Each structure stands twice: as C-alpha cells, then as structure tokens.
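This briefing goes through one protein model by topic. Look at the structure first, then read the points beside it.

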Amino acid sequence: MFDTYRNAVVTGATSGIGRATVLELNRRGLSVYAVGRNQEQLDELSAASGVVTIKADVRDTDKIASALEGVEVDILVNNAGILSTRATFHEMDPAEIDAMIDVNLKAPMHLTRALLPGMVKRKRGHLIYIGSSGGRAPYPSMGAYGPSKAGLSLFCDNLRCDLLGTSVRVTEVVPGRVQTDLYRTAMAGNSARALLYDGYRSIQPENVSSIIANAIELPVFVDVARIEVLPTDQATGGGTMIKFQD
Ligand SMILES: NC(=O)c1ccc[n+]([C@@H]2O[C@H](COP(=O)([O-])OP(=O)(O)OC[C@H]3O[C@@H](n4cnc5c(N)ncnc54)[C@H](OP(=O)(O)O)[C@@H]3O)[C@@H](O)[C@H]2O)c1
C-alpha cells in the first residue's frame, strides 16, 4: 500500500492510539518498530503482529536511536504522551509540569532531531505528531498539558519551514476526546471511564490510526499538515463567567 516508505517507528505503542497505529501500519505492509516501556504489552504486541519492539522511555533518545541503528526510518509517529493529575495550576505538583514538557514536547523534538537527518539525506520521510484539542484551546486543569501540546503544534509549523525542498512531510493529528487510558493519571481509580466515556459516543483509537495511515498513503506531494478529529458530540469554545464572592 505504501510505495515510498518501508519502515515506521511509533512511540507510546503499548496502548491506545499508539497500539492501534502500530497494528494499522503493520497491516498495511510497513515494517513497524514499536517503542514502549511495558515489556509484557510489548511482547503481546509482537506476538500478535510480528512487529519489532524497542523497550525504552521516550525521553531516552540515545537508547531509541541506537536500537534503530542501520534502519532507514521513513515514518516517525510521535504519539507517547501523558496528562497530569487533574488540578488547577496553582495546586499542580511542580514535578508534573516538568513531566508534561519532557514527555509531550521535548521527547518528540529530540527523537525528531535524531532521526530527521537520515530522512533529509534520503529525501524521504513523514513525521507525525499527536497533538491535542487541549493544545488549541484552553481547558480547566490543563495548565501544563495544553502548553506542551501547543508547543508541539508550533514545532510542526516550524519544521515545515525548515523542511521545504526535502520532500519530508509533517502532519499534526489533533484529537478531541478519544476512548483510551490517557486519563488514568488524571483521575483516581476508574472514575475516568464513568465520567468521560460512559454514555458518550467516543472516538476509538482505530478511528485515529486509520486517519494517520490514510494521510501517509497520499501521494508524497500532498501533506496533510494538520487534522482535527473531534467526536461529533464534542465542541470547544464558549465563555465562562462567574459571580465573584468575597
Ligand atoms: N485520549 C484522548 O482523549 C487524547 C486526546 C488528545 C490527544 N491525545 C494524545 O494521544 C496520544 C496517545 O495517548 P492515548 O490517548 O492513546 O493514551 P494512552 O492509552 O495512555 O497511551 C499513551 C502511551 O504513551 C506511553 N508513554 C507515556 N509516557 C511515556 C514515556 N515516558 N516513555 C514511553 N512511553 C510513554 C504510554 O505508555 P505507558 O503505559 O508505559 O505509560 C502509552 O503507551 C498522547 O500524546 C495524548 O496526549 C489523547
């Protein structure tokens, strides 16, 4: 299905959108390198699909790059991401601010820096970033997550400027609410499921992975620069005003 590309790397491969993307790209004929931290889930993924797994924290650029030594990486899907515990910014654990920026913004930038020179040299490549609607509009309790994703979004635009003439494409996929385990860190116990998904018609990880694969499959002179994917039943915007009580 993919004439131009052979090898794809997907981070955050052990669950949600990342796992679905690994399986979809593998199904469409690519050799996929799945990066994740959970060995059991990596083994399960490899047994189910035959993909190559790389056990690494996404912040460990050197480990990932050395595991990919000799591989001509054509596609990099920067998907791994975290959401802090739900809290107003003035109550947020300061360590979570660093974690958001490190995992959601710095790690994709460093992995891009490591793998991009080969793509530029070969004049063949597609960089894909999973942004968020939280990076395009303010939401309560997303004071660190939102800026990390907004930074990622601007990074995509900057890359497009630098990559003119290289034939390397850059795509930012910007989902609204998708039914995954992302919110397990944000809310205690299983409350995320009840609060966010029960009774809602939610986007499934496979809906996002098919959009990613379709964007890759377009002719190389076509770049889906940014695509927003919201549940039909979700909207952003509106204003909030409260009555001040002293
Ligand atoms: N779900 C949504 O509503 C939604 C909306 C907008 C954007 N997104 C974005 O979509 C992307 C995928 O999230 P998801 O919804 O599929 O949630 P998910 O199921 O929680 O998947 C996140 C993945 O990232 C991995 N990860 C987190 N920190 C990592 C680290 N330091 N090193 C390596 N892997 C790490 C997780 O692995 P571990 O299990 O090892 O932590 C997991 O495999 C994220 O960037 C997220 O911000 C999600």
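Helices α4 and α5 (residues 145-162) pack at an angle of about 10°, and their axes lie 8 Å apart. The model is a predicted one: local features need pLDDT of at least 70, side-chain atom pairs count only at pLDDT 80 or more, and totals for chains, interfaces and linings use all residues. Residues are numbered from 1 along each chain as its sequence is written. Helices (H or I, at least four residues) and strands (E, at least two) are DSSP runs, numbered from the N terminus.

**The pair α4 and α5**

- Axes are lines fitted to C-alpha atoms, for helices over the stretch in contact, and angles run from 0 to 180 degrees between N-to-C directions.
- α4 and α5 are therefore roughly parallel to each other; angles under 35 degrees count as roughly parallel, over 145 as roughly antiparallel, 65 to 115 as roughly perpendicular and the rest as oblique.
- On the α4 side the contact is made by M100, I101, N104, L105, P108 and M109, and on the α5 side by Y145, S148, K149, G151, L152 and F155. Two residues are in contact if their C-beta atoms, placed from the backbone, lie within 7 Å.
- Sorted by class, this contact of α4 with α5 has 8 nonpolar, 3 polar and 1 charged residues. Ala, Val, Leu, Ile, Met, Phe, Trp, Tyr, Cys and Pro count as nonpolar, Asp, Glu, Lys and Arg as charged, and the others, Gly among them, as polar.
- A95 belongs to α4, which covers residues 94-122.
- A95 counts as exposed because it has 9 C-beta neighbours inside 10 Å. A residue is buried if 20 or more other C-beta atoms lie within 10 Å of its own, exposed if 12 or fewer, and partly exposed in between, with C-beta atoms placed from the backbone.

**The sheet**

- An open sheet is formed by 7 strands in the order β3-β2-β1-β4-β5-β6-β7, with parallel pairing. Two strands pair if DSSP finds at least two bridges between them.
- β3 (52-55) and β7 (226-229) are the edge strands, each with a single partner, so one side of each has no neighbour in the sheet.
- From one strand to the next, the twist averages 15°.
- Helix α2 (residues 39-49) packs on the sheet, where it touches β2 (31-36) and β3, and its direction makes about 170° with that of β3.
- α4 lies across β4, β5 and β6 (168-175) and runs at about 170° to β4.
- Strands β4 (residues 75-78) and β5 (residues 125-130) run parallel and are joined by 4 bridges. In this part of the sheet, N78 stands opposite Y129 in β5.
- β1 and β2 also pair in the parallel sense, over 5 bridges, and V9 stands opposite Y33 in β2.
- Strand β1 (residues 7-11) is largely enclosed by the rest of the structure, because 4 of its 5 residues are buried.

**Around the ligand**

- Of the 26 residues around the ligand, those that come nearest are G12, G16, G81, T180 and L182. A residue is near a molecule or strand if its C-beta atom, placed from the backbone, lies within 6 Å of it.
- Helix α1 (residues 16-27) gives the most to this shell, with 3 residues.
- The shell has 10 nonpolar, 11 polar and 5 charged residues.

**Residue T21**

- T21 is found in helix α1 and counts as buried, with 31 C-beta neighbours inside 10 Å.
- Leaving out residues up to four places away in sequence, T21 touches V10, V77, N79, S209 and I212.

**Loop residues**

- Most residues other than glycine have a negative phi.
- K123, not a glycine, has a positive phi of about 50°. K123 lies in the loop between α4 and β5 and is exposed, with 11 C-beta neighbours inside 10 Å.
- S141 also has a positive phi, near 65°, and is a residue other than glycine. S141 sits in the loop between β5 and α5 and is partly exposed, because 18 other C-beta atoms lie within 10 Å.
- M187 is placed in the loop between β6 and α6 (191-197). With 16 other C-beta atoms within 10 Å, M187 is partly exposed.
- M187 and S84 are 103 residues apart in sequence, while their C-alpha atoms are 9.1 Å apart in space.
- M187 touches R86, A192 and L195, not counting residues up to four places away in sequence.
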